[in-house]
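Please examine the structure shown below.

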Amino acid sequence: MITMLVLCLNMDVSLPFWPCFLFPLPAVFDFTAHEAGWLRSNNFKRLISGLFLGCGVGFLVHTVIKGSVWFGVLQVLWFVIIQLTVALTLHRLGQLERLIKRYEEAVRY
């Protein structure tokens with residue numbers, strides 16, 4: 001949200017690098033714990049973790065727009081590492097296949 005405000009106002013503000021690496025983590029933990037069956041998620045948790053995830057993506061967009069391409073590449077690599085880690089974790093727990101089937105059924109209908 002802050003990033004979008006900065007972009008809309010066209011202010012040249014330097015944002016710190018750490019939010020883009022830490023902000024996605026609540027969503028990752030919530031999703032992984034819910035899909036693994038460790039914790040039940042709810043709409044409030046998804047809203048809060050989704051806001052943090054969106055801000056992390058906003059920081060990524062801001063970084064690329066402001067011209068720091070290498071830092072943007074590093075952020076994208078971080079998102080890929082997170083996604084692979086979640087997929088491997090769910091695969092090892094035997095939950096990835098169930099998640100994929102549920103997704104395919106939802107897309108099909």
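The following points describe selected features of this model.

This is a predicted model, in which local features need pLDDT of at least 70, side-chain atom pairs count only at pLDDT 80 or more, and totals for chains, interfaces and linings use all residues. Residues are numbered from 1 along each chain as its sequence is written, and side-chain values use heavy atoms, with hydrogens and water left out.

**Helix packing**

- Helices are DSSP runs of H or I with at least four residues, numbered from the N terminus.
- Helix α3 (residues 25-36) packs on helix α4 (residues 43-65) at about 140 degrees, and their axes lie 7 Å apart; axes are lines fitted to C-alpha atoms over the stretch in contact, with angles from 0 to 180 degrees between N-to-C directions.
- That angle makes α3 oblique to α4, a class left after under 35 degrees (roughly parallel), over 145 (roughly antiparallel) and 65 to 115 (roughly perpendicular).
- Pro26, Ala27, Asp30 and His34 of α3 meet Lys45, Arg46, Ser49, Phe52 and Leu53 of α4, where contact means heavy atoms within 4.5 Å.

**Surroundings of Phe71**

- Phe71 belongs to helix α5 (residues 69-92).
- Neighbours within four places in sequence aside, Phe71 contacts Phe17, Cys20, Phe21 and Thr63.
- Between Phe71 and Leu60 the C-alpha to C-alpha distance is 8.5 Å, at a sequence separation of 11 residues.

**Salt bridges**

- The model has 2 salt bridges, each defined as a side-chain nitrogen of Lys or Arg within 4 Å of a carboxyl oxygen of Asp or Glu.
- Arg98 pairs with Glu35 in a salt bridge whose closest N and O atoms are 3.4 Å apart.
- This pair links distant parts of the chain, with Arg98 in helix α6 (residues 96-108) and Glu35 in helix α3, 63 residues apart.

Notes: Helix = DSSP H or I, 4+ residues; strand = E, 2+ residues; numbered from the N terminus.
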